[in-house]
Amino acid sequence: MLRSMKSLRNPYRAVVVGARGGLGRAFVEHLRADPACAQVAALARAGDPEQGDPGLELTDEDSIRRAAAWLQRQSPEWDLILDATGVLTLEGHGPEKRLRDLDPGIMARAFATNAIGPALLFKHLTPLLPRARRSVFATLSARVGSIADNHLGGWVSYRASKAALNQIMRTTALELRFSHRQAVVVALQPGTVATRLSAPYRNRAPIVLSPEVSARRLLEVLDALEPAQSGGFFDFEGQALPF
């Protein structure tokens, strides 16, 4: 289980977007078990009518705007925001093995979910970060999104959408350094995790992590990062990855 996050204000408030996915659910469980965490807003597509949570559809800016307004009514400031969204297979289409497999419609949907959706999260949720103290905004990327680390080719839509996400994150971090000097904005590589997303591809991975272990390690990495490292890309062991 996660030790308390020491780098954030005590008590701190956290948001998890994609809270019903494998990693998102694990993030929520760790944070709710942390005695230093006063509140966890677990946002997902369906929402929670009992809590008044309107739900959040990543490809619908209006729903993101409504979710941000709901969060602001809960608290004007949130110390930790985690984007645990992402898609690898769409409508039965897995990653392309070669260029001739490319489908422009599927590629556009991959960008909508893996890059444009997180960009809208940055747009609407970064105003909720405190300006006068440390805060963290992390988004889940993938090692295959690294251009420098691409030695095999293939997986064009997924690679390119995650590379775009890394650039969006980096640009957000550079903008926030002027208004939120203690903010840490990063992309995370969670490893190969035993979730539905990775199920068809796990047999090739040397190590497969449970969602609970990956989430705990990522939270520990975030707890140790300094504002000077904002804009970086880090794996679940805290190693900086190339873009």
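**Cores and helix packing**

Modeller: The largest nonpolar core has 33 residues, a core being a set of buried Ala, Val, Leu, Ile, Met, Phe, Trp, Tyr and Cys residues joined through side-chain atoms within 4.5 Å. Y12, L31, L80, L82 and L222 have the most contacts inside this core. Buried means under 20% relative accessible area, exposed over 50%, and partly exposed in between, for a 1.4 Å probe and protein chains only. The model is predicted, so local features need pLDDT of at least 70 and side-chain atom pairs count only at pLDDT 80 or more, whereas totals for chains, interfaces and linings use all residues. Residues are numbered from 1 along each chain as its sequence is written, and side-chain values use heavy atoms, without hydrogens and water.

Biologist: Which elements give two or more residues to this core?

Modeller: The strands are β1 (12–17), β2 (37–43), β3 (80–83), β4 (135–140) and β5 (183–189), and the helices are α1 (22–33) and α5 (211–224). Both kinds of element are DSSP runs numbered from the N terminus, with helices being H or I of at least four residues and strands E of at least two.

Biologist: What does L31 touch?

Modeller: Not counting residues up to four places away in sequence, L31 touches M5, Y12, A14, V16, C37, V40, L80, L82 and L219; contact means heavy atoms within 4.5 Å.

Biologist: At what angle do α1 and α5 pack?

Modeller: The angle is about 60 degrees, and the axes are 8 Å apart. Axes are lines fitted to C-alpha atoms, for helices over the stretch in contact, and angles run from 0 to 180 degrees between N-to-C directions. The two helices α1 and α5 are therefore oblique to each other; under 35 degrees counts as roughly parallel, over 145 as roughly antiparallel, 65 to 115 as roughly perpendicular and the rest as oblique. The crossing of α1 and α5 is right-handed, that is, the near helix is turned clockwise from the far one by less than a right angle, anticlockwise being left-handed.

Biologist: Which residues in α1 and α5 meet?

Modeller: From α1 there are G22, L23, A26, F27, E29, H30 and L31, and from α5 there are P211, E212, S214, A215, R216, L218 and L219. These residues divide into eight nonpolar, three polar and three charged. Ala, Val, Leu, Ile, Met, Phe, Trp, Tyr, Cys and Pro count as nonpolar, Asp, Glu, Lys and Arg as charged, and the others, Gly among them, as polar.

Biologist: Moving on, how do α3 and α4 pack?

Modeller: Helix α3 (residues 104–125) and helix α4 (residues 156–179) pack at about 15 degrees, with their axes 8 Å apart. That makes α3 roughly parallel to α4. The residues of this contact divide into 14 nonpolar, four polar and one charged.

Biologist: Is F122 buried or exposed?

Modeller: F122, in helix α3, is buried, with a relative accessible area of 3%. Beyond its neighbours within four places in sequence, F122 is in contact with P127, F137, T139, I168, M169, T172 and V185.

Biologist: And how are α2 and α3 arranged?

Modeller: Helix α2 (residues 61–74) and α3 pack at about 35 degrees, with their axes 10 Å apart, and their crossing is right-handed. E61, I64, R65, A68 and L71 of α2 make the contact with G117, L120, L121, K123, H124 and L125 of α3. By class, this contact has six nonpolar, two polar and three charged residues.

Biologist: Now the backbone. Which peptide bond is cis?

Modeller: The bond from N10 to P11 is cis, with omega near 5 degrees. P11 is found in the segment before β1.

Biologist: What is the phi of E91, and of W155?

Modeller: Although it is not a glycine, E91 has a positive phi of about 50 degrees. E91 lies in the loop between β3 and α3 and is exposed, with a relative accessible area of 60%. W155, also not a glycine, has a positive phi of about 55 degrees. The place of W155 is the loop between β4 and α4, where W155 is partly exposed at 22% relative accessible area.

Biologist: Where does L102 lie?

Modeller: L102 lies in the loop between β3 and α3 and is partly exposed, with a relative accessible area of 33%. Leaving aside its neighbours within four places in sequence, L102 is in contact with E96, M107, V156 and S157.
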